[in-house]
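Dear colleague,

Please find below the structure I promised to hand over, followed by some notes on what was found in it.

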Amino acid sequence: MEHIRAYIAALNSAMDILAEARGLSERALIELGLPDVEARNLRALAAVYYGPTRFSRKQRHATTAARHHDLITLKLIEKYVSRVRTQ
């Protein structure tokens, strides 16, 4: 049960994980032990919530609101948001 609890805690610490992933390359995340696809996804999410943007106020709002979601939910949200045609 120890590993399951650690996994759940990690999922629920999504924004902390993304903040740590900010600035890391996909290769660095893979070297830390993440699978390729997960490293790519984590890097993309970190860029959304912590990367450079012209919409910094909206990004701050999104980052604050995202604190209530786990990593799986954030991935799902971004999957649907990516379908929107405009910024």
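The buried residues of helix α5 pack against α2 (14-21), α4 (36-50) and α6, where packing stands for contact, that is, heavy atoms within 4.5 Å, and buried means under 20% relative accessible area, exposed over 50%, and partly exposed in between (1.4 Å probe, protein chains only). In α5, which spans residues 56-66, the buried residues are Gln59, Thr63 and Ala66. Seen down the axis of α5, these buried residues fall within an arc of 70°, so they line one face of the helix; the arc is that of the directions from the helix axis to the C-beta atoms. On the other side of α5, Arg57, Lys58, Arg60, His61 and Thr64 are exposed.

This is a predicted model, in which local features need pLDDT of at least 70 and side-chain atom pairs count only at pLDDT 80 or more, while totals for chains, interfaces and linings use all residues. Residues are numbered from 1 along each chain as its sequence is written, and side-chain values use heavy atoms, with hydrogens and water left out.

The pLDDT, the predictor's confidence in each residue from 0 to 100, averages 90 over the protein chain, and 99% of the residues score at least 70.

Ile72 belongs to helix α6 (residues 71-81), and its relative accessibility of 49% is why Ile72 counts as partly exposed.

Best regards

How values were computed: Helix = DSSP H or I, 4+ residues; strand = E, 2+ residues; numbered from the N terminus.
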